[in-house]
Amino acid sequence: RQLFEYFVVVSLHKKQAGAAYVPEVTQQFPLKVWCLSGRSEDQLKAIPQFCFPDAKDWAPIHQFASETFSFVLTGEDGSRRFGYCRRLLPSGKGKRLPEVYCIVSRLGCFNLFSKILDEVEKRRGISPALVQPLMRSVMEAPFPALGRTIKVKNFLPGSGTEVIELRRPLDSRLEHVDFESLFTSLSVRHLSRVFASLLLERRVIFIADKLSTLSKCCHAMVALLYPFTWQHTYIPVLPPSMIDIVCSPTPFLIGLLSSSLPRLKELPVEEVSHAPAPWPCSLGCFQKIVPRAFPSMSLQHCPHCCLFLFSLETSPLNEVVSEAFVRFFVEIVGHYSLFLTPTEREERTLQREAFRKSVSSKSLRRFLEVFMETQMFGGFIQERELRK
């Protein structure tokens, strides 16, 4: 196994004078990706659109602060690849267009790849020719075990051979998450409604001006579902050319740039929750099913809630927020193991009706009746039923 599958540089070009800019792969490493199937090759061809979903809005500029964001590619088998991107303005004089340096990996380790992109940006500032040798060194490095550190040696003019230490976290569940952006972007009321929408497998669209905000907020919302997993369409950054996906009747979590709003309003989108909402959220009758004070019942038990809800100065924020939402799930479904009864084949089966009726609150029983029908809950229980 390798830290990443491939690395590309995406630049903006015009097909003809007067036309809008189009993103294209201008460099790729390795040159031939032997492991890719036909479907994966299609994903590779789509990468430029994910790197520049706002390509039509660009014009040459003098200055630009580099931006880091990520996107997700989902295979037919449900497997996910992460695209880690650094958008920066090449060094030079006069007006010029930005480039995106993108690493595609199966690993969800945002901080690890951000560090690699820091090194990419440093070398790109000296010479573009220094980038590919760095990525070759990273790809040839041994794949680190969980919690282990690897050392990558790479030559840097003026500094000699540099040793870069890359650490893979022991638990990467929160390593890909930035809850501060989520709580800064959404009110607690909106956050609760979006959380409820995802739990009941509805359709949710995040709308923001920046790619970094979109990807951070989407990843954070998915992390709040732990120990459950979002098994449906998940596109933290959706290119405008693929916007018709929002007309799908199946559950999804999608991120859109604000520039796509006019087009979104023209589409026959079924009932969907928008966050932040440019018009009132349309969550429909299922609001009556969601327990009152959902999920604030869990946040109120957290001794640090006033800090992260108002000042966002809690340290470490990610652990505090995650603990509060995990506690919420423990309170609602944590007793499931008491209702797993063994079968003749040494497997276990959940006594669903007894499990639901064991909850004293009527609103929680009503919620469980719906939540137990979701793929999220079904997958969670099935995995535990099969354990011996």
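Tutor: With the element names. Helices and strands are DSSP runs, numbered from the N terminus. Helix α7, for example, covers residues 261-266 and contains L264. Keep in mind that this is a predicted model.

Student: Is L264 buried or exposed?

Tutor: The cut-off for buried is under 20% relative accessible area. L264 has a relative accessible area of 4%, so it is buried. Look also at D244, 20 residues away along the chain. The C-alpha atoms of L264 and D244 are separated by 8.6 Å.

Student: Which strand holds R87, and is R87 buried or exposed?

Tutor: R87 sits in strand β4. Its relative accessibility is 2%, so R87 counts as buried. Here too, compare sequence with space. R87 and E121 are 34 residues apart in sequence, and their C-alpha atoms are 9.3 Å apart.

Student: Now contacts. What does S114 touch, leaving out residues up to four places away in sequence?

Tutor: The cut-off for a contact is heavy atoms within 4.5 Å. With those sequence neighbours left out, S114 touches T68 and R86. S114 belongs to helix α2. At a relative accessible area of 14%, it is buried.

Student: How do I read a whole helix? Which residues of α13 are buried?

Tutor: List the buried residues, then see where they point around the axis. Helix α13 spans residues 375-385, and its buried residues are M376, F377, F380, I381, R384 and E385. They cover an arc of only 160° around the axis, so they lie on the same side of α13.

Student: Next, empty space. What shows where it is left?

Tutor: A probe the size of a water molecule, rolled over the atoms, shows where empty space is left. Start with the largest pocket, whose volume is about 980 Å³. Its lining has 34 residues, and those closest to the centre are V72, R80, F82, W230 and Y234.

Student: Which elements each supply at least two residues of that pocket's lining?

Tutor: They are α1 (38-51), β3 (67-74), β4 (80-88), α6 (211-223) and β9 (233-235). Helix α1 gives the most, with 5 residues. By class, the lining of the largest pocket has 17 nonpolar, 12 polar and 5 charged residues.

Student: Why does the largest pocket lie between domain 1 and domain 2?

Tutor: Both domains give residues to its lining, so the pocket lies between them. Domain 1 is 6-173, and domain 2 is 179-271 + 284-300.

Student: How many cavities of 30 Å³ or more does a search of the whole structure find?

Tutor: The search finds 2 cavities of 30 Å³ or more. The largest cavity has a volume of about 40 Å³. It is lined by I116, E119, L134, V138, V152, I164 and L166. Helices α2 (110-126) and α3 (131-140) and strand β7 (160-167) each supply at least two of its lining residues. By class, the lining has 6 nonpolar, no polar and 1 charged.

Student: What lines the second largest cavity?

Tutor: Its lining residues are P53, L214, V237, L238, P240, G255, L256, L257 and S260. The volume of the second largest cavity is about 30 Å³. Strand β10 (residues 252-257) gives the largest share of the lining, 3 residues. The classes are 7 nonpolar, 2 polar and no charged residues.

Student: Last, the backbone. Where is the peptide bond with omega near -10°?

Tutor: Check omega for cis bonds. The bond from F29 to P30 is cis, with that omega near -10°. P30 is in the loop between β2 (21-29) and α1. Another cis bond joins Y226 and P227, with omega about 15°. P227 lies in the loop between α6 and β9.

Student: And phi? What is its value at E201?

Tutor: Phi of E201 is near 55°, a positive value in a residue other than glycine. E201 is in the loop between α5 and β8 (203-208). Its relative accessible area is 12%, so E201 is buried.

Technical notes. Residues numbered from 1 in each chain as written. Predicted model: local features only at pLDDT ≥ 70, side-chain atom pairs only at ≥ 80, totals over all residues. Heavy atoms only, no water. 1 Å grid on protein atoms, 1.4 Å probe; cavity = no way out; pocket = protein on both sides within 12 Å on 5 of 7 lines; lining within 4 Å. Points joined across faces, edges and corners; volume = space filled by probe spheres on them. Helix = DSSP H or I, 4+ residues; strand = E, 2+ residues; numbered from the N terminus. Nonpolar A, V, L, I, M, F, W, Y, C, P; charged D, E, K, R; others polar. Domains from an automatic or database assignment. Buried < 20%, exposed > 50% of the residue type's maximum accessible area, 1.4 Å probe, protein only. Arc of directions from axis to C-beta.
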